[in-house]
Amino acid sequence: MAIPDLLSLNYLVPFVANKLDFRRAIRGLRGMPRRLLLVGHKLAAGNLPLNTITTVSTESDAIARFGEGSMLLAMWRGAKANADLGLPIDCIAIAQGVTPIAATSTIVVENTGATLAMPGEVTLYVHGKRLSFGATTSDTEETVAAKMIAVINAQPSLQVTAAAGAALNEVKLTCKWGGPTGNSIDVRGAFYDDDRLPAGLTLTIPPMTLGAVNPDVSPVVGAMGLTRPTEIVCPFLDSTNLNILETELEARWKENNMRDGMVINAMRGTEAEITTYLAGRNCAHVHTIVTTKDLTNPWETAAMAGAAIESQAAKDPAVPHTGIPLMGYLGPKPSDHFEDDQPNNLLQAGGSPLEINQDSTANLLRMVTNYTLSSAGAPDRSMAELCWLKTASYKRWFNVTEFQTKYRGYKLAQYITDPIPGQKIMTVPLAEEIMLGIYKTFIDVGLCQHMSYYKGSLKVEIDGANQKLKIIDEPVLVVQHYQTEITSEIVGGTV
């Protein structure tokens with residue numbers, strides 16, 4: 001056995017050399033670094049510079065960096081509530097669009113008499129947060145409106161401000177930032193069955209509207225630099241911004257980059273609105289939570305789901321996301337949720353509906369990507385399953401780091417059929433042994449299957465002239481259990 005020298009043969013001074021080599025210290029699986037990235041708006045009170053990526057781990061830091069009542073702070077809180085220990089949360093604040101217009105809604109308070117006939121509680125839900133105050137028989141429409149304004153503005157975590165409208169019985173709500181995202185803020189007077197206004201009092205609440213001018217996410221690409229966020233939460237659904245991110249993701253998934261990540265977003269709407277939107281998207285690296293009539297802001301829903309998905313992927317990327325709860329999410333009443341064939345239609349269109357519980361909380365149901373068509377326009381589900389992409393991403397990372405950490409600095413021999421003991425020489429048999437060892441590790445933890453097929457499909461070549469090792473393999477991924485079919489052939493009476 002030829003053991004390689006540690007010291008030069010020309011060094012003649014008596015000496016004892018003992019090299020420590022940690023390349024093989026870690027055996028078995030290694031955890032792929034995972035990071036969640038939130039992209040959104042901060043308020044002027046936040047001290048985070050725009051277009052700068054930073055890791056935020058505590059509530060106090062999040063408030064200081066984004067400002068209370070900001071989009072980013074709400075996203076961070078939603079993500080933090082659903083993130084396992086050890087999942088870093090990075091954030092990038094981007095500027096609003098040029099002269100953006102903030103979304104607004106004007107609530108009209110009306111009463112059948114000059115004052116209330118009966119005292120009671122007035123409730124208001126703003127993006128899922130319940131506000132309430134007491135109204136007495138001495139209150140008029142105008143005093144109820146004034147109380148409502150005071151209660152809203154006393155809650156700094158709300159993403160709207162309140163002011164008197166054109167009439168004294170009007171309350172004008174304004175989103176704290178400009179752009180169309182504010183149009184998705186849900187405002188309603190009652191949600192639970194026991195929410196009751198005082199007799200004779202009514203609230204007319206139109207949806208938030210008129211928010212306009214999208215921001216530009218281009219600086220996000222530069223801010224990410226060489227970092228590798230594995231899940232990116234983006235609240236902006238316009239085609240221009242999504243095309244920018246999709247182009248960057250396509251580049252990051254290529255073999256000459258391999259800083260692969262994925263974008264998650266959320267959209268609220270009817271089945272027709274959502275399927276129309278999804279018809280214009282076809283990226284395997286974007287997945288969309290689709291909801292209807294829920295109270296939680298879409299950007300918060302996306303942040304919750306992104307943290308839950310990436311936390312699961314860190315433990316086992318092949319485990320289906322079915323049944324994972326979204327902590328802090330308030331969805332529609334079950335009777336207002338998608339029904340019958342609608343969830344299936346949305347899944348086929350590339351959207352991921354939620355499972356709504358009786359108390360309007362929700363779980364992830366099945367996560368698919370926006371990819372539905374091949375480049376030729378044919379229906380194609382090869383990259384539709386999120387778990388497949390998460391597993392393949394981890395397998396590639398493991399392959400690459402195995403060679404980078406353990407076999408860097410090897411010689412390459414094209415015509416040696418057996419590895420020479422003690423020599424750092426990469427040969428075809430050694431490369432096959434490495435790949436089969438990796439695959440056995442993945443089989444043992446339930447990520448891959450069918451060793452005989454993999455071994456038969458494995459191809460290894462050495463290109464000595466160009467000093468390259470070339471490998472083609474066909475890993476057979478473990479898939480997800482979503483459906484069960486049982487046929488019971490009933491026998492009545494004696495057999």
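The following dialogue examines how several descriptions of this predicted model follow from their definitions.

Mentor: In this predicted model, local features need pLDDT of at least 70 and side-chain atom pairs count only at pLDDT 80 or more, while totals for chains, interfaces and linings use all residues. Residues are numbered from 1 along each chain as its sequence is written, and side-chain values use heavy atoms, with hydrogens and water left out.

Trainee: What makes up the secondary structure of the protein chain?

Mentor: The protein chain has eleven helices and 21 strands. Both are DSSP runs numbered from the N terminus: helices are H or I with at least four residues, and strands are E with at least two.

Trainee: How many aromatic pairs does a search of the whole structure find?

Mentor: The search finds twelve aromatic pairs. Rings of Phe, Tyr and Trp (its six-membered ring) pair if their centres lie within 6.5 Å; planes under 30 degrees apart count as stacked, over 60 as edge-to-face and the rest as tilted.

Trainee: Why is the pair of Y394 and F398 called edge-to-face?

Mentor: The ring centres of Y394 and F398 are 6.2 Å apart, which is within 6.5 Å, and their planes stand at 75°, which is over 60, so the pair is edge-to-face. In helix α9 (residues 386–406), Y394 and F398 are separated by about one helical turn because they are four residues apart.

Trainee: How do you know whether Y394 and F398 are buried or exposed?

Mentor: Buried means under 20% relative accessible area, exposed over 50%, and partly exposed in between (1.4 Å probe, protein chains only). Y394 has a relative accessible area of 7% and F398 one of 2%; both values are under 20%, so both residues are buried.

Trainee: What makes Y407 and Y410 an edge-to-face pair?

Mentor: Their ring centres lie 5.4 Å apart and their planes meet at 70°, so the pair is edge-to-face. Y407, at 11%, is buried, whereas Y410, at 22% relative accessibility, counts as partly exposed.

Trainee: Which residues do ring pairs link into a cluster?

Mentor: The cluster consists of Y394, W397, F398 and F442.

Trainee: How do you know that the charged end of R30 sits over the ring of F398?

Mentor: A charge sits over a ring if NZ of Lys or CZ of Arg is within 6 Å of the ring centre and within 35 degrees of the ring normal. The charged end of R30 is 4.1 Å from the centre of the F398 ring and sits over that ring. Likewise, the charged end of K395 sits over the ring of F442, 5.6 Å from its centre.

Trainee: Why is P353 called buried?

Mentor: P353, found in strand β14 (residues 351–356), has a relative accessible area of 2%, so the residue is buried.

Trainee: What is P353 in contact with, leaving aside its neighbours within four places in sequence?

Mentor: P353 is in contact with V290, P343, L346, L347 and L365, where contact means heavy atoms within 4.5 Å.
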